[in-house]
Amino acid sequence: MKEVLRRSLTGAVYIILLLSAVFLSSDAFDFLFMVFGLACLYEYKRLVKLKGYYVFLAYLGLWWAYIYLINDLILINILMFFTILTDLYLLYYLFSSKPKTFSGLHKFLIGLFYIGGGCIFLTMIPYKNDAFAKLLIMGIFILIWVNDSFAYIVGKTLGRTKLFPSVSPKKTVEGTVGGYIFALGAAYIMGTQEQIIGPGQWMLLASVIVITGSLGDLIESKLKRMAGVKDSGAILPGHGGMLDRLDSLVFAAPFAYLTLNIFTYVS
């Protein structure tokens with residue numbers, strides 16, 4: 001009972017902080033996710049035993065440049081290319097049965113683009129035509145929350161088939177499918193209420209976010225398993241670390257950003 005109460009209180013504080021930043025100002029949102037990125041990097045650094053603090057300096061420099069200085073589409077696409085390429089490399093790592101040892105340079109680059117690039121694109125998503133689209137980013141958060149919540153509920157009640165037992169023994173196929181179906185329903189409802197993109201586009205975006213977010217969750221689980229720990233940190237009582245909370249969003253962000261840009265180009 002105490003654990004449930006602790007998790008609930010931590011979740012409530014996290015949601016209030018997030019909502020406050022989104023609706024207070026774009027600068028507050030930017031700053032919050034810059035700090036979240038630093039926290040995730042710190043936990044990643046401990047998981048993979050990356051030495052030194054250069055990755056923090058590189059992330060801050062990259063974040064500042066892309067959030068406040070760079071508007072050139074070519075440079076943004078270059079960052080997106082390297083971020084998605086790093087994510088694809090991590091997918092290869094996830095499904096590979098061979099043990100993998102990363103060099104210091106590999107750990108640095110993975111941290112910079114997997115977490116740093118992911119947080120940068122997550123911060124860039126709400127900016128549409130130089131305006132801060134609050135409801136768009138909130139919609140993406142809602143999709144992740146709906147998917148996670150109903151994947152847990154359906155998995156607990158109906159789950160029988162293990163999804164990836166060698167990496168995450170508690171996740172089930174039934175839970176994953178259930179979370180996806182409820183996320184699609186939430187996406188359709190948001191599409192009828194929020195006119196930034198239509199219902200069909202919201203549902204396609206939901207598919208991209210749920211699939212890539214679920215893969216991101218599994219990747220972080222494998223990193224933790226290789227490190228021999230249950231949680232990436234303890235900053236969020238009852239929830240583990242910041243990376244435990246944002247692993248889905250960080251991994252899905254560049255794919256969601258790319259999808260939204262395709263919608264803009266097609267329309």
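Reader: How does helix 2 pass helix 5, in a left-handed or a right-handed crossing?

Author: In this predicted model, helix 2 passes helix 5 in a right-handed crossing. The contact involves Phe29, Asp30, Phe33, Gly37, Cys40, Leu41, Tyr44 and Val48 on the helix 2 side. Helix 5 contributes Lys107, Ile110, Gly111, Ile115, Cys119, Leu122 and Thr123.

Reader: Why are helix 2 and helix 5 called roughly antiparallel?

Author: Look at the angle. The axes of helix 2 (residues 26-48) and helix 5 (residues 104-124) cross at roughly 160°. Angles over 145 degrees count as roughly antiparallel. Helix 2 and helix 5 are therefore roughly antiparallel to each other. Their axes come within 10 Å.

Reader: What makes Lys49 count as exposed?

Author: Its relative accessibility is 60%. The cut-off for exposed is over 50%, so Lys49 counts as exposed. Lys49 sits in the loop between helix 2 and helix 3 (54-69).

Reader: What is the phi of Lys49?

Author: Phi of Lys49 is near 60°. That is a positive value in a residue other than glycine. Most residues other than glycine have a negative phi.

Reader: What span does helix 4 reach, and what is expected?

Author: Helix 4 (residues 73-95) has 23 residues. From first C-alpha to last, helix 4 reaches 33 Å. At 1.5 Å a residue, 33 Å is expected, and the span is close to that.

Reader: Which residues of helix 4 are buried?

Author: Among them are Ile76, Leu79, Met80, Thr83, Asp87 and Leu94. Buried means under 20% relative accessible area.

How values were computed
Residues numbered from 1 in each chain as written. Predicted model: local features only at pLDDT ≥ 70, side-chain atom pairs only at ≥ 80, totals over all residues. Heavy atoms only, no water. Helix = DSSP H or I, 4+ residues; strand = E, 2+ residues; numbered from the N terminus. Expected span 1.5 Å × (residues − 1). Buried < 20%, exposed > 50% of the residue type's maximum accessible area, 1.4 Å probe, protein only. Axes fitted to C-alpha atoms, helices over the stretch in contact; angles between N-to-C directions. Parallel < 35°, antiparallel > 145°, perpendicular 65-115°, else oblique. Left-handed = near helix turned anticlockwise from the far one by under 90°. Contact = heavy atoms within 4.5 Å.
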